[in-house]
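Please keep the sequence and the model open while reading.

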Amino acid sequence: MLIKTKSIKKYSVLLSALMLSACTESKPTVPQVIESTAQMAPVELTIGEGFNEPLGYYESQPRFSWKIAKNSDLNTQTAYQIQVAEQAEFFENNELLWDSDKVLSDDTSWIQYQGTPLSSRQKVYWRVRNWGKNDLISDWSEPKAFELGLLNNNDWQAQWIGHPDTQLDKTPSQALLATPQYFRKTFSVKKDIIKARLYISAKGLFKPFINNAAVSNEDVMTPGWTPYAQRIESLTYDLTNHIKPGENVIAASLAGGWYAGRAFDQHEQDHRKPARLLAQLEVTYADGNTQIIPSDTSWSVTQNGPIRFASIYDGERYQQSMEMPGWTTTNFEDKSWKTAIAEPLEQNVKIVPKRHAPIRITEQLPVKEIVGVKGDVAIFDFGQNMVGVPKIKIPVIAGKKVKIRFAEALHKGEFYTDNYRSAESTDYYLPNKTGEIEYQPTYTYHGYRYIEISGFDENKQPEKSWATAMVQHSDMALHASFESSHDKLNKLSSNIVWGMRSNFYDIPLDCPQRDERLGWTGDAQVFATPSMYMGDVYAFWSAWLQSVREEQNSEGKVPLYIPFIDWKIKWTSSGWGDVATIIPWELYTITGDKTILADNYDMMQGWVNYHQKKSDKFISNMMTFGDWLQPYPTNLKDGDNGNRGNTDFNLIGTAYFAHSVELTKQAAQVLNKPQDHKELSLLHDKIKQAFNQHFFDEQLNLKQGVETQTTYLLGLAYNLFPQNKRDLAVDKLLALIEEADSHLRTGFLGTPLLTQVLQDVGRSDVIYDLLFKETYPSWFYSINNGATTTWERWNSYSIEDGFNPQGMNSLNHYAYGTISRWFYEGILGIKPAKPGFKEINIEPQFGDQLTQANGSYTTPQGEVSVSWNTKGNQLVMDVVVPKNTVANIILPTVDVTKLSVNGDISTDMNLSNIQPGEYHIRGNIKGNLK
Ligand code: RAM
């Protein structure tokens with residue numbers, strides 16, 4: 001059914017007698033009649049988790065989302081219609097693949113395509129229009145296109161190719177396995193082409209070239225890291241403009257990367273598998289025919305290229321004499337190259353399109369300072385701890401090896417690498433010509449702020465231009481916008497964003513520098529929501545959750561880090577494996593996308609079952625890392641390094657058991673599974689009861705063990721204490737904080753709960769006290785000691801004493817960066833009152849330590865922004881409520897009798913359920929903010 005509309009329509013609309021109206025300083029209490037043009041078409045059309053016209057898309061039944069334009073007359077949508085067609089022109093003739101027809105709904109996001117599932121390579125266009133008040137209809141949006149990648153293994157004619165010497169039955173040496181391979185294949189084009197696509201993947205890491213040019217100058221470390229035994233991602237590139245009539249050459253280099261290299265301290269198993277390349281170039285001619293150039297035995301391969309060794313932890317070794325000038329051009333002599341061997345695709349390893357943006361070079365940082373030069377050794381400071389590789393341009397002498405080392409901090413002025421543990425993290429360049437070289441490693445990455453270059457031509461004076469830091473991370477739009485009147489708080493906010501950028505390296509890493517760099521689940525569990533406030537990372541997290549699902553075993557166990565590499569720790573931990581329930585639920589809360597719950601529901605249930613298996617009479621005995629790295633651990637027994645803190649392990653396990661059950665129960669409700677909901681409710685009640693009986697006496701004292709801040713935080717955050725004992729629990733918590741001289745005593749698990757609990761119980765003043773502490777343990781302590789990212793321990797480093805002698809001192813761990821969530825949900829007060837921010841609570845927490853704060857968050861409906869200033873106890877606050885939402889502004893610390901909104905003063909000002917628009921709020925703060 002098609003509804004005909006004129007593109008411009010005049011109409012009149014009655015403004016409701018709502019107390020608060022958007023934007024204007026007018027008096028909206030008097031109903032007015034205004035003239036308006038027709039609604040504007042929807043804007044910002046995206047598919048899936050926010051992709052704009054993607055190429056090589058992964059879903060055959062995509063989800064559609066759009067926004068109401070900021071300056072549209074439409075405030076709230078009442079209905080929508082989506083159409084999908086093979087060509088943009090087909091819309092006019094109503095030749096459609098799918099037409100949703102008019103659907104009465106205020107949803108503007110995550111609407112699933114209901115037509116015949118789309119197939120590999122298919123390109124389609126879609127458009128949307130919507131209706132608002134008085135059934136006014138908008139124009140159709142501009143059509144947007146997207147194109148699918150290769151969805152199935154049988155789309156590939158290509159085979160895995162490799163160097164014959166690396167075949168496992170030839171028991172290749174470690175050296176051979178660690179040496180990158182280079183491939184090339186020439187082909188000729190005789191007809192006009194209209195389209196060319198390269199589909200490419202690797203067991204390892206690839207870098208493709210076409211006719212003497214890199215296919216991408218930004219993408220690095222592709223295809224990324226998934227559970228390779230089950231799923232490997234492919235990328236799609238548009239080569240239409242790169243292929244010329246006559247001879248062409250497609251080429252690629254290949255290294256082992258995460259697929260083949262070491263994990264943890266597995267030296268002996270280093271580079272245990274041969275890397276393989278999979279590539280399929282498809283050229284479509286103007287006559288409609290397609291030529292496929294698949295990777296197979298017609299490709300040539302060599303291991304005699306310039307990169308002699310490549311390892312994620314250890315670095316790269318480059319030999320100039322082995323360069324192969326012109327190897328990606330047609331007129332290169334490759335007679336000495338070998339014929340590639342080809343292996344078929346395994347049926348049980350799915351090759352599927354990459355479902356989130358690859359790692360890219362997103363920024364280049366210049367050297368800030370040359371810290372010291374001694375002979376042919378120079379130390380360069382980029383002023384920022386970060387991740388990637390350097391590009392160096394230095395004078396060298398033939399035969400004299402150049403070495404590049406990396407460090408996160410200097411130890412009393414000396415270059416310090418101990419905290420990298422066994423990761424060599426060193427790149428080498430062996431020149432065979434005297435002169436200037438330019439080099440940027442391809443198949444490794446480093447976490448660093450400083451580099452030390454040695455072996456350059458010491459007759460030359462080092463210059464800042466010798467090095468540039470190429471910052472790499474999973475590509476994401478960053479929208480962290482929090483700012484305040486306090487410099488250190490702003491610095492902390494910047495450090496947290498850098499911590500996120502550093503560790504979002506295709507998967508969420510614990511740290512990016514030492515011999516670890518793994519997808520630790522506990523760290524991810526606490527940081528997912530904070531990261532959503534700072535970047536467009538929904539796709540990043542939902543992609544990783546697929547890996548978590550794949551790594552969950554049949555008992556429901558979720559390994560400690562994902563993707564999993566078998567190492568000596570085989571157990572899992574409470575608070576870590578709970579990633580399986582926590583992230584799906586929290587992503588749903590923020591996005592409102594039920595797909596994330598539907599996709600992960602079985603995993604959530606599986607994890608609850610595993611908890612059940614690991615408990616006795618509802619008390620957990622699951623292993624745990626505890627409240628990891630809690631400061632000042634007490635009661636240490638011999639050999640205990642105290643890393644797991646003092647909070648009772650079974651108490652932690654039982655609290656997470658309850659929390660996981662609660663979240664799965666809520667998911668059951670959203671997904672309309674009443675039976676599951678009922679069973680999980682009963683289970684939750686039982687765990688709650690056991691939790692109280694087993695661990696606490698009547699006065700909420702622990703029956704045994706050490707009472708910690710985290711003990712009470714867990715009970716309060718996860719609502720485990722009886723209602724009539726909550727106040728008592730709060731008192732216990734506050735007393736423990738006071739006892740610690742208003743310092744936190746929390747580790748990875750407890751820290752994020754501090755803000756949630758204290759704000760809930762109306763004690764944001766205590767959060768402000770903790771947040772503004774300058775002494776250990778606190779966030780500002782790291783800033784006072786020069787931090788430019790967040791650290792693993794509260795005291796990993798100090799300017800005076802250097803690195804913490806306990807070891808394990810990453811200076812780039814995002815776990816304590818969870819405080820950033822409170823910048824948005826607390827200081828600015830922006831919180832989803834309904835999933836996906838359809839209803840928004842704006843409840844800013846004013847504090848004596850701050851006079852001003854501002855920031856915004858882009859909800860699925862649009863941007864909500866808050867800015868406040870409380871100088872002299874006068875409140876000046878501006879709020880923008882996005883289209884298609886309602887907001888509740890909650891200001892308990894403001895004297896309502898002195899409040900004005902958009903110029904109106906009223907004694908019965910109602911700030912709930914307010915409509916989209918701009919609000920200028922003025923008022924008096926009641927008394928002291930404390
Ligand atoms: C460390 C990791 C990680 C933490 C685990 C328990 O080695 O760095 O941050 O979650 O151990």
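## Strand 36 and its neighbours

Strand 31 (residues 402-407) and strand 36 run antiparallel and are joined by five bridges. Across this pairing, Arg405 stands opposite Glu452 in strand 36. Strand 30 (residues 377-396) also pairs with strand 36 in the antiparallel sense, over eight bridges. There, Phe380 stands opposite Ile451 of strand 36. Strands of a sheet pair through backbone hydrogen bonds, in a parallel or an antiparallel way.

Strand 36 itself spans residues 446-454 and is mostly covered. Nine of its nine residues are buried.

## How to read the model and the terms

The model is predicted: local features need pLDDT of at least 70, side-chain atom pairs count only at pLDDT 80 or more, and totals for chains, interfaces and linings use all residues. Residues are numbered from 1 along each chain as its sequence is written, and side-chain values use heavy atoms, with hydrogens and water left out.

Helices (H or I, at least four residues) and strands (E, at least two) are DSSP runs, numbered from the N terminus. Two strands pair if DSSP finds at least two bridges between them. Buried means under 20% relative accessible area, exposed means over 50%, and partly exposed lies in between (1.4 Å probe, protein chains only).

## Salt bridges

How many salt bridges does the rule give? The count comes to 43. The rule asks for a side-chain nitrogen of Lys or Arg within 4 Å of a carboxyl oxygen of Asp or Glu. One of the pairs is Asp381 with Arg449, whose closest N and O atoms are 2.9 Å apart. Asp381 lies in strand 30 and Arg449 in strand 36, so this pair ties together parts that are 68 residues apart in sequence. Asp381 and Arg449 are both buried.

Arg421 takes part in two of the bridges described here. With Asp515, the closest N and O atoms are 2.8 Å apart. That pair links distant parts of the chain, 94 residues apart. Arg421 sits in the loop between strand 33 (414-415) and strand 34 (426-430), and Asp515 in the loop between strand 40 (507-508) and helix 4 (521-534). With Glu516, the N to O distance is 2.7 Å. Glu516 is in the loop between strand 40 and helix 4, 95 residues from Arg421. Is Arg421 buried or partly exposed? Arg421 counts as partly exposed, because its relative accessibility is 37%. Asp515, at 6%, counts as buried. Glu516 counts as buried too, at 7%. Elsewhere, salt bridges that share partners join Glu49, Glu59, Arg63, Arg355 and Asp593 into one network.

An open sheet of three strands has the order 3-5-9, with antiparallel pairing. Its edge strands are strand 3 (43-47) and strand 9 (111-112), each pairing on one side only. Three bridges join strand 3 to strand 5 (residues 63-67). Within that pairing, Ile47 has Phe64 in strand 5 as its bridge partner.

## Ser216

Ser216 is in the loop between strand 16 (213-214) and strand 17 (219-220). At 13% relative accessibility, Ser216 counts as buried. Which backbone nitrogen lies 2.9 Å from a polar atom of the Ser216 side chain? The nitrogen belongs to Asp219. The backbone nitrogen of Glu218 lies 3.1 Å from a polar atom of that side chain.

Setting aside residues up to four places away in sequence, Ser216 touches Lys207 and Tyr237. Contact here means heavy atoms within 4.5 Å.

An unreviewed UniProt entry places the feature "domain: Alpha-L-rhamnosidase C-terminal" at residues 829-899. UniProt positions follow the numbering used here, feature names are shortened, and annotations may be inferred rather than shown by experiment. In the model, residues 829-899 are 0% helix and 58% strand. The end C-alpha atoms of that span lie 18 Å apart.

Ile842 belongs to strand 46 (residues 839-842). Its relative accessible area is 0%, so Ile842 is buried. Leaving out residues up to four places away in sequence, Ile842 touches residues including Leu828, Val864, Met877 and Ile889. Ile842 and Pro462 are 380 residues apart along the chain, and their C-alpha atoms are separated by 53 Å.

Key: A polar contact is a pair of N or O atoms within 3.5 Å; within protein, one must be able to donate a hydrogen and the other to accept it, and residues adjacent in sequence count only if both atoms are side-chain atoms.
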